[in-house]
Amino acid sequence: MSVVVGWDVGGVHLKAARAEDGRITRVVQLASPLRGGLERLTQAFAEARTAVGRADHHVVTMTGELADTFASRPEGVERLAALAAGQLGDAPVLLYAGPSGLVPPGDARKHAADIASANWHVCAGLVAHQCATALFVDLGSTTTDVIPLLDGRIAARGYTDAQRLAAGELVYTGLVRGFVMATADRAPVAGAWTTLINENFATMADVHRILGTLPDGADLMATADGREKTVAASRARLARMVGADGADLDDGTVLGLARWFAEAQLRAILDAAMLVISASALPADAPVVGAGIGTAIVAEAARRLHRPSLAFDRLIDAAPEARGGAAHCAPAAALALLAPRLIADSNKRL
């Protein structure tokens, strides 16, 4: 049996997916915020290794190099690569470097531009193999990727974060960590437009918790005020965004606020999707393939774009108990599944 574990090292989460002979059998996601240093990530690697078990190969992608723990992205790539190599030393470790394929950790600095924030690329590559022409949308905890796929190839205009932001292929809105104050600049309250307070009083996790659209286990981070993760506490946090206490607004008003912010988030994703579609030759009937913890919201975006919707986890082989995790941690799952082909390509180049 061939066992590959795909790793996605983010700025606040570590995700791992185990593939056995091309089938995802286990997925784990752990909170590992990098802002305070690398200690928590080191612990998360140890916990995740126990959860996913031994492997013949470890393959790693990342976005965590952007964390302000590091003075630069090349430094972040190099340090995260070294940490992964040290923690996963029971089997060969390779890094995903997009167009450069898989590279050893010792070459991380040389390939930093290709390694940095390339998790979207590996996921889009797998989808392109399974669904040749589509709009791939991965709505995660922090960001949303919007990637056109044409005739089995990635047709993105950008590769780096800066390029993708300019092209509409990267949207800084997520189901959990998105700041409410960055989602809209005003909201309707009691018949008047109310300017939002520019403080991180609430996140999109609060919005989706109130609406019942936050998947179980998706919110692993502390709340904005450090208080509990309940609907009542989320209502109080959201009320602060319009200068009120929770007791000042009735439930219907707060529910209306949550719907407003959720709609604003969806509009941002739709705007990006329409920009990307306008720049591509994507056929009118090409489906939207949704991944991430916001798959249900991606399906709604597909409906508004008048396109069929497909779920990422329906394009892969996964054990029933791992299917949901594979969808939520799509880059890790994609890397585990693509690794044998990528390893074979790397061996041919040697």
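**Exercise 1.** What should the 15 residues of helix α2 (residues 73–87) span, and how far apart are its end C-alpha atoms?

*Solution.* This is a predicted model: local features need pLDDT of at least 70, side-chain atom pairs count only at pLDDT 80 or more, and totals for chains, interfaces and linings use all residues. Residues are numbered from 1 along each chain as its sequence is written, and side-chain values use heavy atoms, without hydrogens and water.

- Helices are DSSP runs of H or I with at least four residues; strands are runs of E with at least two; both are numbered from the N terminus.
- The expected span is 1.5 Å times one less than the number of residues.
- For α2 that gives 21 Å, and the end C-alpha atoms are 21 Å apart, which agrees.

**Exercise 2.** Which residues of α2 are buried?

*Solution.*

- Buried means under 20% relative accessible area (1.4 Å probe, protein chains only).
- G76, V77, L80, A81, L83 and A84 are buried in α2.
- They cover an arc of only 165° around the axis, by directions from the helix axis to the C-beta atoms, so they lie on the same side of α2.
- An α-helix has 3.6 residues a turn, so residues three or four places apart point the same way.
- The cover over these buried residues includes β1 (3–9), α1 (39–52) and β4 (57–62).

**Exercise 3.** In what order do the six strands of the open sheet stand?

*Solution.*

- The order is β3-β2-β1-β4-β5-β6, with mixed pairing; strands pair if DSSP finds at least two bridges between them.
- β3 (23–31) and β6 (102–103) stand at the edges, each with a single partner strand, so one side of each has no neighbour in the sheet.
- Strand β2 (residues 13–20) runs antiparallel to β3, joined by eight bridges.
- K15 stands opposite Q29 in β3.

Methods. Buried < 20%, exposed > 50% of the residue type's maximum accessible area, 1.4 Å probe, protein only. Contact = heavy atoms within 4.5 Å.
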